[in-house]
Amino acid sequence: MKILDGQWLIRDGLQVFPCAYVQDIETDGRDLLVLLANRDVSARASQQDGPLLTLRLFAPRTGIIGVRLEHFRDGEVPSPAFELDTEPSSDVETNISPEAATLRSGSLTARAARDGKGEIVFLRDGVPLTRVATKQQGHVIETANERTHMFTRLDLSVGENVYGLGERFTAFVKNGQPVDMWNLDGGTSTEQAYKNIPFYLTSRGYGVFVNDPGRVSFEVASETVDKVQFSVPGEALEYMIIDGPTPADVVERYTALTGRPPLPPAWSFGLWLSTSFTPDYDETTVTSHVTGMTERGIPLSVFHFDPFWMRPYHWCDFHWDTDTFPDPAAMLARLKAMGVRICLWINPYISQHADIFAEGRDKGYLLHRTNGKVWQWDLWQPGQGIVDLTNPAARDWWIGHLRPLVEMGVDTFKTDFGERIPTADVAWHDGSDPERMHNYYPQLYNTAVHELLAEVRGKDQAVVFSRSATAGGQRLPVHWGGDCTATYESMAETLRGGLSLGLAGFGFWSHDIGGFEHTAPAHLYKRWCAFGMLSSHSRLHGNHTVRVPWAFDEESVDVLRHFTRLKLRLMPYLWDLAGIATERGLPLMRAMLLEFPDDPTCRFLDRQYMLGDKLLVAPVFQEDGEVEVYLPHGRWTPLHGGDEVQGGCWRHERHDFFSLPLYVRENSLLAWSTPDANAELQPERDYTANLELQLFALADGAAARAVIRDQQGHEAFAAIARRNGRHLRVSLQGNDAGCRLLIRNEKISRETVKLTVSSGELGDAVAIPPGISELELDLN
């Protein structure tokens with residue numbers, strides 16, 4: 001909410017009680033308790049008729065300091081609330097001196113001044129990061145309706161950028177933007193978002209998480225240009241300052257608190273193909289799409305049925321439209337025999353014409369109004385109700401209708417929607433606050449489906465394809481970017497949203513290749529295929545028309561085949577990145593600032609990204625193939641061949657449809673599959689077979705490492721290359737299948753190596769047999 005009217009005044013209709021005076025500070029040895037008044041209350045005569053706010057400083061984990069500001073302390077625990085993995089730090093201490101009180105957690109310290117002004121400064125190793133100045137936090141009353149709010153303003157330094165706040169499609173740097181945390185089905189071209197995450201990080205290497213699933217309102221250098229203000233309705237505001245010092249460190253600490261994803265099954269990294277939303281389809285159509293991909297040599301991993309697998313106006317009763325699919329079990333068996341997994345579209349809404357609506361209504365399983373009647377409206381489906389997932393019996397009943405589909409052969413569900421959750425005249429079964437439940441509902445929805453799949457299919461096979469989320473939603477992969485449009489502008493805004501979401505620890509993310517709305521011209525489709533297959537997860541999906549490549553032109557077939565095979569060749573590398581996402585919370589698709597926080601240019605880049613720590617990807621957003629790409633300082637090598645180039649500059653390049661700027665970072669040992677493995681090129685396989693290690697621009701005295709994981713995510717193979725002048729030593733652990741080592745853009749001195757050496761235009765390659773644990777060679 002906006003509070004100020006310019007620099008001096010308060011907006012009409014608001015009464016503000018800012019914290020301006022410290023009345024007292026106490027400690028129990030772990031927390032600090034600060035009592036704050038809106039005026040000097042040192043004299044007894046002034047201690048009447050005014051609020052006294054309570055501010056508690058605490059340490060939920062090492063390197064994180066929590067702040068809770070309360071007006072009325074009624075002791076009620078709000079519901080729902082984020083599930084946080086707190087771990088009270090042993091490395092915490094408090095101290096109260098005549099000048100200030102401090103709480104330290106790791107290298108992060110909060111200092112509350114005792115000079116009567118109510119200022120709080122947050123420091124890393126004694127250096128200030130941000131602060132709450134006097135009168136920059138407090139209590140607000142709307143005088144017309146007596147609604148209350150709590151607010152805080154944190155300082156921004158000169159040149160400090162703010163990022164994150166969920167999957168936002170507006171400008172990547174959030175400075176100057178008001179942002180409300182409120183999940184809405186608004187597409188990808190507005191300020192609305194499907195995934196609102198009340199967490200941001202800054203270019204100074206700290207983050208802020210507001211621990212409230214409701215409508216948190218941010219003013220990011222907008223109302224006051226040198227501050228981030230955030231406010232919540234009610235009587236309490238809780239937030240946490242998360243230390244770095246790098247943005248990647250902040251993401252690691254944030255995800256340790258809010259959760260990290262499990263490892264999705266490897267097959268989910270392959271190509272997904274959808275029926276699209278509204279085209280007519282039956283088994284013949286579906287089969288023609290699957291066989292069409294096979295006949296054209298395009299590996300397909302998942303086939304997705306969008307809503308019309310059910311009867312119109314019956315969504316979601318989970319019954320197949322038997323007029324169109326008379327024997328769905330047999331059809332699924334036939335499709336699975338072709339080597340594809342099956343995904344079905346669902347949502348948590350039930351049309352009153354659906355077979356199961358009356359049962360859900362009569363048993364009290366649908367969301368109710370405050371008068372006890374079922375909450376219904378005609379938006380999306382006629383007379384639809386919403387499954388009340390706060391009711392354990394309703395959850396079991398609803399999941400009970402999904403279970404037979406999984407047993408029939410369905411491997412995963414696209415958990416669509418979840419944003420249209422009402423707040424007015426609503427009574428949840430467990431008494432949850434409707435305002436807090438609006439954003440939190442997708443967590444209940446996606447959790448229920450994910451847990452069913454884990455139960456029936458196994459934890460290592462559970463994956464959903466979700467659109468809506470809140471903080472902690474990263475525990476339930478995979479997510480996709482929602483309804484984009486078939487334009488280059490929408491392709492760019494889609495990437496912007498995905499990079500923003502990745503900064504909140506969402507490790508696995510996808511988008512509608514080719515755009516959802518309208519139909520892309522062939523040139524845009526081909527450019528989007530390159531971007532889509534170099535994303536964490538890859539799905540062809542549209543609205544009114546199908547997205548099979550031959551519907552565009554024959555070259556689209558070749559382009560999709562090329563980039564699909566490229567992604568599958570990269571699976572040894574991508575699978576290791578997936579393991580890192582589960583262990584550290586770092587996304588596969590990383591904003592440039594995550595990998596290069598000290599490069600000022602990288603703080604603004606949103607049309608390119610790092611795919612892990614080794615590959616730089618710059619999608620092409622023009623028909624003619626013109627693209628500008630920034631290479632940070634260092635040596636960069638085009639993956640598909642070409643001379644090494646020096647970074648620290650912009651490059652203007654032109655690419656055909658089979659290429660894009662795809663560079664490998666210096667000091668990289670990249671693990672991927674050799675190109676002659678096409679017959680076995682599926683995402684789920686033994687990555688140590690047909691393994692090729694490519695070494696790029698290893699500096700003197702440097703080392704490069706590659707890890708291959710098994711299907712459970714455990715390390716099965718590791719290689720380390722170390723360079724000393726022209727001498728190279730390669731150590732291998734778990735080399736049971738043998739591998740191929742390729743030195744890019746350098747030649748091997750054959751006299752120094754006894755193994756088979758072959759020459760190629762990319763450099764010299766060494767065939768390393770199984771069992772070899774160390775190799776030494778010299779470079780010419």
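A disulfide is defined here as a pair of cysteine sulfur atoms within 2.5 Å. By this criterion, the count of disulfides is zero. Cys-316, for instance, takes part in no disulfide, and the nearest cysteine sulfur, which belongs to Cys-343, is 12 Å away. The structure is a predicted model, in which local features need pLDDT of at least 70 and side-chain atom pairs count only at pLDDT 80 or more, whereas totals for chains, interfaces and linings use all residues. Residues are numbered from 1 along each chain as its sequence is written, and side-chain values use heavy atoms, with hydrogens and water left out.

The overall form of the protein chain is described next. Eleven helices and 49 strands are present in the protein chain; helices (H or I, at least four residues) and strands (E, at least two) are DSSP runs, numbered from the N terminus. The radius of gyration, taken over C-alpha atoms, is compared with a globule rule of 2.2 Å times the number of residues to the power 0.38. For 780 residues, this rule places a compact globule near 28 Å, and the protein chain agrees because its own value is 28 Å. Along the principal axes, the C-alpha atoms of the protein chain fill a box of roughly 90 × 70 × 45 Å.

Of the 780 residues in the protein chain, 62% count as buried. The protein chain exposes about 28000 Å², of which carbon and sulfur atoms supply 48%; these accessible areas come from the Shrake-Rupley method with a 1.4 Å probe, and for residues only the protein chains shown count as cover. A contact requires heavy atoms within 4.5 Å. Among contacts in the protein chain between residues at least 6 apart in sequence, 68% join residues at least 24 apart.

Charged side chains were also counted, with Lys and Arg taken as positive and Asp and Glu as negative, while His and the chain ends are not counted. The protein chain carries 74 positive and 104 negative side chains, and the centres of the two sets lie 3 Å apart.

Several positions concern the backbone. Most residues other than glycine have a negative phi, and most peptide bonds are trans. A cis peptide bond, with omega about 20°, joins Gly-244 and Pro-245. Pro-245 belongs to the loop between β21 (236–243) and α1 (247–258). Another cis peptide bond links Trp-315 to Cys-316, with omega about -5°. Cys-316 is located in the loop between β23 (302–305) and α3 (328–337), and Cys-316 counts as buried because its relative accessibility is 0%.

Positive phi values occur at Asp-49 and Trp-380, neither of which is glycine. At Asp-49, phi is near 60°. Asp-49 lies in the loop between β5 (32–37) and β6 (52–61) and is exposed, since its relative accessible area is 80%. At Trp-380, phi is near 85°. Trp-380 is placed in the loop between α4 (357–362) and β26 (385–386), and its relative accessible area of 26% makes Trp-380 partly exposed.

Apart from neighbours within four places in sequence, Gly-579 contacts Leu-263 and Arg-709. Gly-579 and Phe-269 are 310 residues apart along the chain, and their C-alpha atoms are separated by 13 Å.

When residues up to four places away in sequence are not counted, the contacts of Val-629 include Gln-608, Leu-616, Cys-649 and Trp-650. The C-alpha atoms of Val-629 and Ala-256, 373 residues apart in sequence, lie 33 Å apart in space.

Beyond its neighbours within four places in sequence, Thr-423 is in contact with Trp-182, Pro-434, Glu-435 and His-438. From Thr-423 to Ala-113, 310 residues apart in sequence, the C-alpha to C-alpha distance is 41 Å.

Technical notes: Buried means under 20% relative accessible area, exposed over 50%, partly exposed in between (1.4 Å probe, protein chains only). The place of a charge is taken as NZ of Lys, CZ of Arg, CG of Asp or CD of Glu.
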